[in-house]
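Let's take a walk through this model, one stop at a time. Have the sequence and the 3D view open as you read.

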Amino acid sequence: SHSAHLMSEEVQFAARFVLGHIATCVISNESLAKSVLDTLLDPENSKKFRNIDTAVDLVQFAKGYAAGHFTATMASWPTKTAGLDALAKKGMYKLLEDCNKPATDISESRALGIMMGWASEINSQDMQEVYWFGKEMLTGYLEGANINKGLLFGATWVCAKGALSDSGVLDQETLQLLESVVAQATVDANLAQHYYHFAVPFAQVSHSQFVHSQEDENAPIFKSLCATHLDLIEKDNQSSHYRIASIFSLGSIFNVNYLSSIYNTEQLVMAAQKYSPIARKPVLDKLMFVAGLTGNRSPVGNLKSGRIAASVCGQVIEATLNLQSGLENEQNHLSNAEHKLMLASASSEPKTLARLNKNTSFIRAVFDRLESASQEELLVLMDSLVATPGPLPAVNWFHPMQQVSSVSESLYTKCLVFASLHASTSLSLTEFLLSQLSSSLDPQKSNHNVHSLIVGETGLGWMLDLAGLTRENAAKNTRRGMSSVTKKTSISDIRLLEMFELYVTRLPDFELEDQRTFLATLALHLPEPKAELDETKTKIVAAIRTVVLRNYIPTLFERDRKDVELIQNAVECGIVDVEQLFESESMETWFVDHLFVKTVMLSQIHRLKRANQPVKWMIDVITRLVAQREKADECWPIVAKVIGEDATVTSDKLSWVIRVLDAFIVVGTTYKEAAATIEYSIGTGLYLILSVLWWQVIPSAGEGVERAGSGYMLSHVVDIAKGTTMQQQIIKRMYKMIELSTETKSFFTSVIRQCQEKSVTNESNYIDVITS
């Protein structure tokens with residue numbers, strides 16, 4: 001059944017094994033990495049463990065391996081932040097605590113999995129405690145101590161993989177310890193069936209030693225490495241555990257890495273330089289014979305060793321193809337652009353500068369002196385780096401930038417600028433910038449100068465670029481031809497959204513200038529709501545707008561912001577339709593407080609045409625502002641400006657005059673004390689709107705002048721509309737206002753009297769108006 005398949009040992013093994021390997025996908029997301037780590041560190045519920053001599057418990061092994069691999073990856077991560085380092089240490093110490101439990105409290109299979117997981121990504125500098133623990137286990141075995149078999153077998157892998165430093169130097173003490181352990185295990189009958197746990201790691205050490213020597217695969221030393229195992233395969237019993245160990249060991253000697261499918265590019269190139277197909281052929285022939293893959297009829301032999309040999313053959317062939325590819329690229333000096341692109345996409349920046357020669361590398365000479373350099377020297381260095389066109393050398397910039405940026409604020413800002421310029425082609429600079437974006441959220445560690453960079457193109461803009469939200473018409477400073485030899489880095493939508501949400505949540509506490517910069521930068525990178533995008537980008541853009549709408553726009557009301565640019569940018573980034581503002585409310589109940597903020601919002605929505613009937617919404621705003629009297633004083637300039645921008649020809653301007661008069665009529669027939677309200681708005685709203693429409697200015701007149709000015713301008717508008725139907729519509733509305741109340745009658749009567757007689761004499765009540 002389906003449920004039975006899910007609970008099978010093989011499926012559980014695969015699921016847990018994969019969980020450990022998603023480290024490289026989520027490790028930069030600290031909250032997600034913490035969640036995964038907590039899952040992997042769950043204690044064992046059962047006390048009934050399978051004896052490893054009987055069979056390896058696949059579920060327990062995978063559980064241990066996943067936790068070990070995940071913590072090792074975090075500990076040796078090349079762009080490790082303080083938070084990630086703390087997580088790695090937490091995981092390592094918890095697993096070390098488990099490994100030190102009595103044998104009755106931890107499965108041998110899980111212990112083996114933990115140790116092999118650590119060995120898959122171990123770096124002896126970052127994981128000293130694990131490396132020492134492994135050596136302690138091996139020393140205990142030599143001294144006759146009773147060691148958990150899982151820990152003992154795993155310790156050989158830990159020590160073999162950890163013995164090689166980043167610079168290619170082997171720890172001779174560990175090498176001698178491994179030699180002694182392998183020699184003792186060879187004659188230990190109790191460990192015979194597990195002998196490959198000793199032979200294979202030692203073969204990997206021997207291969208590493210050979211790769212860093214001056215010899216190639218035609219040399220006697222390489223032939224000797226192979227001959228030892230070939231003799232065992234040839235002469236030993238076909239079902240011998242030592243024979244199986246030798247088959248695995250030949251794979252290690254031929255560059256097979258059993259614990260990781262990811263090849264170190266530098267090690268691959270070094271091994272490729274020593275590659276010799278002639279030297280390898282006899283060994284491959286023997287492996288194929290044992291596997292029964294030759295053309296001639298092979299003896300049936302032992303089925304288990306045959307299957308293992310077939311598997312090792314496949315891995316050797318894969319490793320050989322990688323070596324051949326590396327050798328071809330090296331011989332061609334990467335002259336072919338396609339090879340360059342392949343190498344760039346397949347490699348990562350080395351964690352240290354160990355591969356660079358101390359005597360000839362300028363960049364290593366500089367980085368080695370960072371600790372002793374003065375601030376003036378560091379400023380010169382950063383100015384030079386900022387001026388460098390790129391692409392940069394493929395080195396790990398994360399730690400040097402962390403070191404330099406901690407010296408002073410000026411150096412910190414230069415590091416941010418440099419990282420932003422080159423992060424698109426450097427994984428380490430990408431991680432450096434992301435770590436600084438996170439740390440800048442801490443009020444204790446940041447200030448306005450830092451925020452002003454982070455919230456602009458240097459920080460937020462760069463992050464949006466790498467997520468595929470590129471600013472339109474952005475200037476590109478890429479050198480000609482560089483796109484074919486460099487691979488642009490990117491950040492996932494999930495990571496972008498997580499970082500963005502953190503920023504928007506804390507944005508209201510930033511200085512107003514920084515808030516404006518943040519929203520203005522975001523607006524430049526977000527496409528128009530109706531733009532055609534692929535499905536992925538449509539989702540991330542919608543998610544970003546939702547974050548702004550839910551987490552930031554409400555704070556504009558709560559803090560009653562009066563910053564027009566800030567509110568406009570927030571609307572542009574967060575609202576695609578006017579209905580999003582009201583949710584379940586009506587305009588009437590919504591537009592009763594925070595008038596300034598809401599007026600700016602609706603004006604911007606009108607400007608951006610993010611409503612089905614944008615004019616209707618502005619008429620509603622005008623109507624409600626008229627009814628608010630003094631409360632609307634600061635809102636009228638906003639309305640007047642957006643109307644002025646909307647009406648660029650005379651017909652549009654006249655239409656807006658008609659709409660404003662309609663708003664007066666609605667108020668006059670709907671609201672209490674309407675006459676006094678309209679009288680007040682004539683000297684405020686109407687005065688400003690007419691001034692902007694025909695004189696393109698927002699005047700600042702003395703008290704009492706506005707009402708008279710409104711009358712003069714309105715009569716002038718009537719004269720301008722001469723000969724059009726709009727003139728008659730305006731006049732009819734003025735007559736309607738005269739009929740509404742005695743308060744408005746005097747103003748509109750005065751306007752009609754100022755109009756040219758021909759403009760108004762068609763109305764039947766003209767005589768009554770001018771004689772009243």
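Which residues in α32 are buried? First, some ground rules. This is a predicted model, in which local features need pLDDT of at least 70 and side-chain atom pairs count only at pLDDT 80 or more, while totals for chains, interfaces and linings use all residues. Residues are numbered from 1 along each chain as its sequence is written, and side-chain values use heavy atoms, with hydrogens and water left out.

Back to α32, then. Its buried residues are Leu595, Phe596, Val597, Lys598, Thr599, Val600, Met601, Leu602, Ser603, Gln604, Ile605 and His606. Buried here means under 20% relative accessible area, exposed means over 50%, and partly exposed is in between (1.4 Å probe, protein chains only). Helices are DSSP runs of H or I with at least four residues, strands are runs of E with at least two, and both are numbered from the N terminus. With 12 of its 14 residues buried, α32 is largely enclosed by the rest of the structure. The helix covers residues 595-608 and reaches 20 Å from first C-alpha to last, close to the expected 20 Å at 1.5 Å a residue; that expected span is 1.5 Å times one less than the number of residues.

His594 sits in the loop between α31 (587-590) and α32, and it has a positive phi of about 50° although it is not a glycine. His594 is partly exposed, at 28% relative accessible area. After the helix comes Lys609, again with a positive phi, near 60°.

Contact means heavy atoms within 4.5 Å. Val639 is buried, with a relative accessible area of 0%.

Leu602 takes us to the largest nonpolar core, a set of 135 residues in which Trp397, Leu602, Phe664 and Phe748 touch the most other members. Helix α36 (residues 674-695) gives the most to this core, with 11 residues. A nonpolar core is a set of buried Ala, Val, Leu, Ile, Met, Phe, Trp, Tyr and Cys residues joined through side-chain atoms within 4.5 Å. Not counting residues up to four places away in sequence, Phe664 touches Val626, Ile678, Ser681, Ile682, Leu686, Met737 and Phe748. A second, separate core has 66 residues, including Met92, Ala111, Ala163 and Val182.

In the loop between α36 and α37 (705-720) you'll find Gln696. Like His594, Gln696 is not a glycine but has a positive phi, here about 55°. Gln696 is exposed, with a relative accessible area of 55%.

One last stop: Lys274, in the loop between α14 (265-272) and α15 (277-291). Lys274 is buried but has no salt bridge, and the nearest side chain of opposite charge, Asp216, is 7.7 Å away. A salt bridge needs a side-chain nitrogen of Lys or Arg within 4 Å of a carboxyl oxygen of Asp or Glu; Lys and Arg count as positive and Asp and Glu as negative, with His and the chain ends not counted.
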